[in-house]
Amino acid sequence: MWKTIVDAWNGNNEEEHNYGTTKVFDFEGMKNLIKRKDPSIVLVDVREPAECEVVKIPGSINVPFRSHPQGFSLGDGEFLSTFGIPKPTKDKELVFYCASGRRAASAESVAEKSGYTHTALYPGSINDWVARGGDKAYF
């Protein structure tokens with residue numbers, strides 16, 4: 001049982017994930033996104049602020065899902081007052097990540113239901129990022 005729990009936490013489930021039509025990025029894809037610095041792409045870290053203090057992917061914004069599960073359904077003003085950053089416009093591509101991918105998938109679903117049509121996931125999330133040395137890379 002503990003192996004299953006640890007594997008799920010680390011995003012190492014051996015079962016296939018079906019992300020449907022959702023665009024998915026792997027580690028190399030995320031590195032390329034960061035290097036490009038494309039203003040039409042917003043990296044969205046949905047972990048809690050204390051988790052982000054440990055390590056984060058460069059250039060990402062923090063919209064914590066656990067404490068604000070409906071964050072992307074908020075109006076522009078309420079989003080700004082809640083998170084301290086402007087709400088991304090709906091023409092942006094939002095790439096969601098968390099610790100292991102579960103919260104990211106849930107947040108991506110909320111964003112889609114709130115009218116965002118360009119969304120993507122980094123299912124490996126921060127665990128994959130750190131395991132592959134992303135936290136030590138320079139961009």
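I count a contact when heavy atoms lie within 4.5 Å. I worked on a predicted model, where local features need pLDDT of at least 70, side-chain atom pairs count only at pLDDT 80 or more, and totals for chains, interfaces and linings use all residues. Residues are numbered from 1 along each chain as its sequence is written, and side-chain values use heavy atoms, with hydrogens and water left out.

**Entry: Tyr122**

I looked up Tyr122 and found it in the loop between strand 5 (119–121) and helix 6 (125–131); helices (H or I, at least four residues) and strands (E, at least two) are DSSP runs, numbered from the N terminus. Tyr122 counts as buried because its relative accessibility is 1%; buried means under 20% relative accessible area, exposed over 50%, partly exposed in between (1.4 Å probe, protein chains only). Leaving out residues up to four places away in sequence, I list Phe25, Asp26, Phe27, Met30, Ile57, Val95, Phe96, Tyr97, Asp128 and Trp129 as touching Tyr122. Tyr97 is 25 residues apart from Tyr122 along the chain, with 5.3 Å between the C-alpha atoms.

**Entry: Thr119**

I placed Thr119 in strand 5. Thr119 has 9% relative accessibility and therefore counts as buried. I noted two polar contacts of its side chain: 2.5 Å to the side chain of Glu108 and 3.4 Å to that of Glu112. A polar contact is a pair of N or O atoms within 3.5 Å; within protein, one must be able to donate a hydrogen and the other to accept it, and residues adjacent in sequence count only if both atoms are side-chain atoms. Among the other residues that Thr119 touches, beyond four places in sequence, are Thr22, Lys23, Leu94 and Phe96.

**Entry: helix 2**

I found Phe27, Gly29, Met30, Lys31, Leu33 and Ile34 buried in helix 2. The buried residues of helix 2 pack against strand 2, strand 4 (93–97) and helix 6. At the start of helix 2, I found a side-chain oxygen of Asp26 within 3.3 Å of the backbone nitrogen of Glu28. Lys37 follows helix 2 and has a positive phi, near 50°.

**Entry: second largest pocket**

I looked up the lining of the second largest pocket and counted 13 residues, with Lys37, Asp38, Ile41, Leu43 and Gly59 nearest its centre. On a 1 Å grid over the protein atoms alone, a pocket is an open set of points where a 1.4 Å probe fits, with protein on both sides within 12 Å along at least five of seven lines; lining residues have an atom within 4 Å of a point. Helix 2 (27–36) and strand 2 (41–45) each supply at least two lining residues, and strand 2 gives the largest share, three residues.
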